[in-house]
Amino acid sequence: MEPRLPSLDELIVAFDKGLRTVFAQAQSLRATPGRDLPEADMTEEQRRLSAALMRVNHTGEICVQALYQGQALTAGNPGAKAALEQAAREETEHLAWTEGRIDELGGRKSLLNPVWYAGSFAIGALAGLAGNRWNLGFLAETEYQVVAHLDRHLQRLPEEDARSRAIVESMKEDEARHATSAAVHGAAELPEPAKAAMRLSSKVMTETAFWI
Ligand SMILES: [Fe+2]
Ligand SMILES: [Fe+2]
């Protein structure tokens, strides 16, 4: 099936989903990874660092959620669409986990989340219109980059903060699976300039969300 333009009804539903993603509390079916681990005895500085890194990860999940929703709106292939929706549900769990951890650490979510959501949604919808191979290629590349990003965070998170680390580890496993699933469904390999542009835009997002 070819990519298609969404109906007005679908746009309204998508808008509503977006509002809920950004403003409502996300729910998780799976238990939060590491929830049985004891809270670490961290310095104030370590706690602030953990909260900032988890804020970045939460914003990343907002963006990925928006990409998936944007793509699901315009992607034509029903098989890929089901896979995208399944992955988007797991991203919602990541949202819930990171959000819960930010609360535990006494941090706050990024104030710019509505902006990141809107931008990522538009990019996702455009990728969906580019046809399935490119759409999935974009998705796979996003997930590869998120795995690399989470690896860097595992190096930066305080060693003591086992609860945050357990969440990031589990997310990393899920993201790697999402990438594989996109590849299985026929993802194209993106050209290097596209990959570089994606790395640059996620760098802008992650560095901004660390502070704001
Ligand atoms: Fe995720
Ligand atoms: Fe993912």
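User: Accessible areas here come from the Shrake-Rupley method with a 1.4 Å probe, so what does the accessible surface of the protein come to?
Analyst: In this predicted model, the accessible surface comes to about 10600 Å², and 60% of that belongs to carbon and sulfur atoms.

User: And the secondary structure, how many helices and strands?
Analyst: The protein has seven helices and zero strands. The radius of gyration is 17 Å, close to the 17 Å that the globule rule gives for 212 residues, so the protein is as compact as a globular protein of that length.

User: Switching to charges, how many salt bridges are there?
Analyst: The structure holds 15 salt bridges. One of them joins Arg163 to Glu39, with the closest N and O atoms 3.8 Å apart; Arg163 sits in helix H6 and Glu39 in the loop between helix H1 and helix H2, 124 residues apart.

User: Is Arg163 buried or exposed?
Analyst: Arg163 counts as buried, because its relative accessibility is 14% and the cut-off for buried is under 20%, whereas Glu39 is partly exposed at 38%.

User: Which other residue does Arg163 meet in a salt bridge?
Analyst: Arg163 also pairs with Glu104, at 2.9 Å from N to O. Glu104 lies in helix H3 and Arg163 in helix H6, so this pair ties together parts that are 59 residues apart in sequence.

User: Which residues do salt bridges with shared partners join into one network?
Analyst: That network holds Arg30, Glu90, Glu93, Asp174 and Arg177. Within it, Arg177 bridges to Glu90 with the closest N and O atoms 3.2 Å apart; Glu90 is buried at 10% relative accessibility, while Arg177 is partly exposed at 41%.

Notes:
Residues are numbered from 1 along each chain as its sequence is written. Chains are lettered from A and ligands numbered from 1 in the order in which they are written. This is a predicted model: local features need pLDDT of at least 70, side-chain atom pairs count only at pLDDT 80 or more; totals for chains, interfaces and linings use all residues. Side-chain values use heavy atoms; hydrogens and water are left out. Helices (H or I, at least four residues) and strands (E, at least two) are DSSP runs, numbered from the N terminus. The radius of gyration is taken over C-alpha atoms; the globule rule is 2.2 Å times the number of residues to the power 0.38. Accessible areas come from the Shrake-Rupley method with a 1.4 Å probe; for residues, only the protein chains shown count as cover. A salt bridge is a side-chain nitrogen of Lys or Arg within 4 Å of a carboxyl oxygen of Asp or Glu. Buried means under 20% relative accessible area, exposed over 50%, partly exposed in between (1.4 Å probe, protein chains only).
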